[in-house]
Amino acid sequence: MLITKTVKATQMAIAAARAEGKTVGFVPTMGALHEGHLSLIKRAKRQTEFTVCSIFVNPTQFDDKGDLKHYPRPIERDRALLESVDCDLLFLPPVEEVYPKDAMNEKLNYDFGYIDQPMEGEFRKGHFDGVAQVVNRLLDIVIPDQLFMGQKDYQQFLIIKKLIELTKRPTELVRCDIVREADGLAMSSRNVRMAPKERQKAVWLSKTLKETKTLFEQGYAIPDLEKRAITQLNSIEGIKVVYFDIVDAENLKKVTKRVDGQQLIACVAVFLHPVRLIDNMLLN
Ligand code: AMP
């Protein structure tokens with residue numbers, strides 16, 4: 001696996017792959033890799049001929065500077081994991097390569113419509129501007145044929161879909177399924193920060209989502225499903241629900257009644273000391 005730290009070296013390596021006629025797949029990450037990330041790399045390997053993974057803990061998407069400071073950075077382990085799945089290129093830039101001069105403060109002014117407003121948008125101010133800013137910059141550098149992102153961060157996926165539309169990029173966005181631990185907890189780099197007691201309780205997120213899907217299929221009303229889920233999660237000592245919303249999977253608008261043909265998704269965020277966990281599940 002090649003490892004590059006500068007934009008120039010990265011672009012040269014990708015140009016060499018292109019010169020051999022290879023298509024390029026790209027998986028942007030913040031590192032502390034787990035099976036969820038590796039599933040994206042494996043998918044990229046299946047669908048394209050040269051797989052690029054970036055590891056960059058992007059300062060502009062952290063509304064909570066403590067979270068940024070504590071974000072795990074086990075780079076040697078990450079490197080070995082990427083080798084194990086035959087990733088072709090790891091781009092590991094320092095901040096100055098991604099944001100030269102004043103670029104860090106140059107906010108993009110894209111109109112995402114409503115999708116950056118609810119849920120994570122409401123509770124993490126400026127978060128999606130930072131995500132769009134860094135992905136936009138990374139796409140300028142890598143110019144992939146296909147970009148692979150996880151459904152785990154569903155709202156982020158929709159933001160990037162919109163970004164690609166607005167910037168008229170040639171890149172195809174591929175949504176990858178959520179990879180879960182054996183007990184159902186969605187894999188996340190933040191899971192390791194939970195003590196065993198909290199970790200055990202974290203199972204309630206996916207459990208509640210699964211129950212919601214089952215009850216939805218049985219015909220229960222949407223507001224009742226939301227109320228039930230929130231009550232159940234809040235009844236677990238240590239869990240504090242931030243939101244549990246059933247929304248239109250295309251525009252994230254709240255839904256109260258079923259409409260034929262409308263794809264719905266249940267999205268949840270909770271605090272469970274010392275982390276904030278998110279998860280989601282398509283209902284139909
Ligand atoms: P992150 O390093 O958290 O920024 O995530 C990098 C990419 O991996 C994003 O596209 C995430 O949606 C994706 N990802 C994170 N966790 C999972 C998971 N459990 N299953 C599938 N994809 C994931």
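Predicted model: local features only at pLDDT ≥ 70, side-chain atom pairs only at ≥ 80, totals over all residues.
# A guided tour, starting from a salt bridge

Select Asp-145 and Arg-18 to begin: the two form a salt bridge, and their closest N and O atoms are 2.8 Å apart. Now colour the chain by position and see what this pair joins. Asp-145 sits in the loop between α7 (127-142) and β5 (146-150), while Arg-18 belongs to helix α1 (residues 7-19). The pair links distant parts of the chain, 127 residues apart.

**Next stop: the two domains**

Now turn to the place where the colours meet. How many residues of domain 1 are in contact with domain 2? There are 23 of them, and they touch 19 residues of domain 2. Between them the domains bury about 1800 Å², with 57% of that on carbon and sulfur atoms.

Show side chains here and pick Arg-276 and Glu-120. Their side chains meet in a salt bridge, at 2.8 Å from N to O. Across the interface of domain 1 and domain 2 there are three salt bridges, and eight residue pairs are in polar contact.

Stay on the domain 1 side and highlight three helices: α3 (65-70), α6 (120-123) and α8 (154-166). Each supplies at least two residues of the side that touches domain 2. Which of the elements gives the most to this side? It is α8, with three residues. Colour this side of domain 1 by residue class and you will find eleven nonpolar, six polar and six charged residues.

**Next stop: the ligand**

From Met-30, a backbone N or O atom lies 2.9 Å from an oxygen atom of the ligand. From His-37, a polar side-chain atom lies 2.9 Å from an oxygen atom of the ligand. For Met-187, pick the backbone again: one of its polar atoms is 2.9 Å from a nitrogen atom of the ligand.

**Last stop: two backbone details**

Go to Ala-32, in the loop between β2 (24-29) and α2 (35-47). Its phi is near 50°, a positive value in a residue other than glycine.

Then move along to Pro-274, in the loop between β8 (264-272) and β9 (275-282). Is the peptide bond from His-273 to Pro-274 cis or trans? Zoom in on the backbone: the bond is cis, with omega near 0°.

Definitions and conventions:
Residues numbered from 1 in each chain as written. Heavy atoms only, no water. Contact = heavy atoms within 4.5 Å. Buried area = accessible area lost by both parts, 1.4 Å probe. Salt bridge = Lys/Arg side-chain N within 4 Å of Asp/Glu carboxyl O. Polar contact = N/O pair within 3.5 Å; in protein donor to acceptor, adjacent residues only side chain to side chain. Helix = DSSP H or I, 4+ residues; strand = E, 2+ residues; numbered from the N terminus. Nonpolar A, V, L, I, M, F, W, Y, C, P; charged D, E, K, R; others polar.
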